[in-house]
Amino acid sequence: MSTTRSRLRPRALVGPTIGATVLALALTGCGGSSESASSAVPGAAPSSAAAAAQDVLAGAPVADVAAILPGSTMERIKQRGELVVAEALDAPLLSQQDPANPDQVTGFDADMAKALATYILGEPKVKIVPPATETREALLANGTVDVVFNTYTITPERAEQVDFAGPYFSSGLSIAVKTGNTDIKTVDDLDGKKVIVGANTPAVTAVPEKAPNAEIITFGTDPQAVQALTQGRGDAYVQDVTLLASDAVSNKDITVVGSPFTSEPYGIGLKHDDAQMKQFVNDWLEQIYADGTWTKIWQNSLGTVVQGEAPTPPEIGSVPGS
C-alpha cells in the first residue's frame with residue numbers, strides 16, 4: 001500500500017498472522033503518549049521529529065567491513081555513497097516531507113531507510129525516489145532504487161518479482177470512533193452498528209466476517225470517511241491502522257481504539273534473486289531489533305500517538321514470501 005491520504009487504496013489481506021507483532025493501540029486525536037518512552041512529542045513537527053531521529057541514528061549500528069562483500073549490491077551502494085530508496089513523501093508518521101525543508105523527510109519508514117544507509121555507509125545518506133504502488137517492482141528490477149520502504153505488504157505473488165527482507169512491521173485493520181464514544185472498543189462491538197469503510201479495501205469483506213450484523217457504508221476517499229464519522233453518519237470507521245494514526249494526529253475529533261484485528265506484514269523490497277543483499281538486510285534487522293534501534297525509531301514516529309509499550313518486531317522470515 002501507500003499512505004497517500006487523498007484516496008483509499010485497495011489492499012490485500014494476508015492470511016497468516018505474525019503472532020504478537022501487531023500494535024496494541026489506543027490512539028487519540030490529540031495523540032497522547034504518556035507511557036511511551038519516545039523523546040519525540042506526539043504528532044511532532046517535522047523539525048522535532050528529525051532531531052529525535054538524528055539522536056537515534058547517531059547510535060545506530062554500522063556493518064563490519066567484512067560484511068560488505070566484493071561485487072555485491074552493498075559494495076556498489078557504498079561506492080556510490082548513498083542509498084537510493086523508494087519511499088513516499090506524503091505519509092504522516094511513516095514518510096513525510098517537511099514543506100519548509102524539502103530535504104527533511106521523517107517517519108517510521110524514512111528513519112528505517114536512514115538506519116539502513118547508516119549500516120552500509122556509516123552515515124544516513126539517502127536519495128528518495130517516490131514510487132507509485134504499481135511501479136515498485138519495476139523500480140527494483142531496472143535498478144532505479146536499491147530498496148523499497150513503502151508499507152510494502154509481503155505476499156507470495158509479489159515475492160515472485162521481488163525479494164523481501166523482513167517483515168519489519170506488522171500493520172492491520174483497526175477501528176476509529178468519534179472521540180468520546182466509549183461503546184466500541186473491539187471489532188466484536190461493531191455488530192449491529194453502522195460501520196464506515198473505504199470502497200475496494202479489505203475492510204469491505206473483513207468487517208462482515210467479524211461483525212455479520214454491521215451495516216457497511218462505503219466512501220471513496222479517506223477524508224470523506226473521516227468527515228462522515230465526525231458528522232455521526234456512522235458509528236465507526238475501519239481502515240489500516242497506519243492511515244487511522246495519520247488521521248488521528250490531525251483530527252482530535254476521532255479516536256482509534258483496540259488492537260488491529262487483521263495482520264498485514266510489511267517487508268523491505270529488494271531486487272529479485274539477490275540473496276546476498278537479502279541476507280545482509282535481514283542481519284541488519286536482527287541487529288536493530290536486538291539493540292533497541294528499531295524500538296526507538298517506532299517510538300519517535302508511530303509511537304508518538306500510541307499509548308503503551310512499543311510492539312515486538314515481527315520475526316524475520318515469518319510470513320510466506322519473506
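This is a predicted model: local features need pLDDT of at least 70, side-chain atom pairs count only at pLDDT 80 or more; totals for chains, interfaces and linings use all residues.
## Basis

Local features require pLDDT of at least 70 and side-chain atom pairs pLDDT 80 or more, whereas totals for chains, interfaces and linings use all residues. Residues are numbered from 1 along each chain as its sequence is written, and side-chain values use heavy atoms, leaving out hydrogens and water.

## Largest pocket

Of its 21 lining residues, D103, V105, K114, P124 and V126 are the closest to its centre; lining requires an atom within 4 Å of a point.

Helix 1 (46-58) gives the most to this lining, with 6 residues. Helices here are DSSP runs (H or I, at least four residues).

## Nonpolar cores

A nonpolar core joins buried Ala, Val, Leu, Ile, Met, Phe, Trp, Tyr and Cys residues through side-chain atoms within 4.5 Å. The largest has 43 residues, and F108 is among those that touch the most other members. Helix 3 gives the most to this core, with 9 residues. A second, separate core has 17 residues, including V195 and F261.

S301 follows helix 9 (293-300) and counts as buried (under 20% relative accessible area, 1.4 Å probe, protein chains only) because its relative accessibility is 2%. Its side chain reaches the backbone oxygen of I297 at 2.7 Å. Beyond four places in sequence, S301 touches L93, G107 and F108, contact being heavy atoms within 4.5 Å.

Technical notes
On a 1 Å grid over the protein atoms alone, a cavity is a set of points where a 1.4 Å probe fits but cannot get out, and a pocket is an open set with protein on both sides within 12 Å along at least five of seven lines; lining residues have an atom within 4 Å of a point. Helices (H or I, at least four residues) and strands (E, at least two) are DSSP runs, numbered from the N terminus. Buried means under 20% relative accessible area, exposed over 50%, partly exposed in between (1.4 Å probe, protein chains only). A polar contact is a pair of N or O atoms within 3.5 Å; within protein, one must be able to donate a hydrogen and the other to accept it, and residues adjacent in sequence count only if both atoms are side-chain atoms.
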